Amino acid sequence: MVTSLLSSDDLRQARTLVEESGLSFEPPYDDLVGIFQSRQLVAVGARQGRVLKMLAVARSHQGGSLLDEVVTELIGRGFQQGADSFFIFTNPSHATNFERLNFNLLVSSGKSALLEYGDGLRRYLARQQPLVQPGPNGAVVANCNPFTLGHRYLIEQAAARVEHLYLFVVREEKSLFPFDCRYRMVREGTGDLKNVTILDTSSYAVSSVTFPTYFLKDGDPGGEVQMELDLLLFANRIAPHFNIITRFVGSEPLSKTTAAYNCAMHRLLPPLGVEVCELERKDAIGSVISASRVRNLLCRKEVEKLAELVPQTTLEFLLSGEGRKIWEKGVRT
Amino acid sequence: MKIIKKVQAGTMQSSDLMVFLEPADTLTVTIESTVLKQFGALIRAKVDEVLARHAIEAGVVRITDRGALDYAIEARLETAISRATEA
């Protein structure tokens, strides 16, 4: 029977089993479950949001259905929490073990493979089918936290160079401004550009699944592999669906993580048929415009300087009751 | 009958299947199976038969199968339907 692992002895056994299997024991998680036989933990697995991890079965007990039971339990619990597709990162040599459980291989990069259960990527692409333009098209992926004149400049420049531009707004709720506010600022700030379509990235680009370290900003070395998976997934699955042949990106003088991401983009995308076009950032009052600069101003309540950095539409939102509530709360924490 | 909540039934073990039901305005059925090539059509026919018997005309039905026999498909789907339609 699969049970939750809660006591300190359970956790100790879980850590041992996970580490014996060559994985690392990595909190945090939402669920940690396992199977005991004769008081000995023989199988373990954890779920963090939509990602399943630390799946391990004791060597002496492999070949049976223990893994299936653990995965069933984690997916059942995750589904109750509202997730309908689930991801596993694993060594490519183990991918078939999960394909037997109806996981689909999304992308594999030599060192690491990403698999999905629940067919979410296909369902996501099918939902966007009515928005597909014949092309050749371009793409920008941006968080827009909040939407600035820098984003506006990048989008204008990019849209002028392609038939149609897809602007993917990062879906993940890890930023100061919630997704629906960011999406609204983008829509209002780009409404006059006829050949721009705004989409959400779902879990499939710059999300906590494909690129968790984007949200940490500390240049974590383990992020490298996942950065690759994020880009390979974009080039192999997303770009072909939308007839995207160019990905536009702003040059990155400030954030180390984003600079590394841009660098990986130049290395990985062109061989897969997606050209990378890096555009110089727009300047204002002495340095480049960035969303973090805007957030710093908000933090110091220097709202009079905002007009130089954000379009009128964003400014109106930031100064509205709803906008104020978000950043004033952010300032306090 | 009407699917009024999100439910799941079944397991991921061999010879079994997982069934997920969700409310929706139209009926969509997706089937993934390790034996889809050989038995996809038969699985689909069984699923349609059970849905029709319970007069399920709308909802998202997702099935991931690992070679379940038809009575297992019927049992898992019936369980999911009774969970999804009870108030």
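This briefing covers confidence, domains, a sheet and a helix pair. The model is predicted: local features need pLDDT of at least 70, side-chain atom pairs count only at pLDDT 80 or more, and totals for chains, interfaces and linings use all residues. Residues are numbered from 1 along each chain as its sequence is written, while chains are lettered from A and ligands numbered from 1 in the order in which they are written.

**Confidence**
- Chain B has a mean pLDDT of 95 (pLDDT is the predictor's confidence in each residue, from 0 to 100).
- The complex gets an ipTM of 0.88 and a pTM of 0.86 from the predictor.

**Domains**
- Chain A splits into domain 1 (2-118) and domain 2 (123-332); such bounds come from an automatic or database domain assignment.
- The centres of these domains of chain A, taken over C-alpha atoms, are 32 Å apart.

**Sheet in chain A**
- Five strands form an open sheet in the order β10-β9-β8-β11-β12 (chain A), with parallel pairing. Strands (E, at least two residues) and helices (H or I, at least four) are DSSP runs, numbered from the N terminus. Two strands pair if DSSP finds at least two bridges between them.
- β10 (196-200) and β12 (275-279) of chain A are at the edges with a single partner strand each, so one side of each has no neighbour in the sheet.
- β9 (164-169) and β10 of chain A pair over five bridges. One bridge joins A:Leu165 to A:Val196.

**Helices in chain A**
- The axes of α6 (179-190) and α10 (312-319) of chain A come within 8 Å and cross at roughly 145°. Axes are lines fitted to C-alpha atoms, for helices over the stretch in contact, and angles run from 0 to 180 degrees between N-to-C directions.
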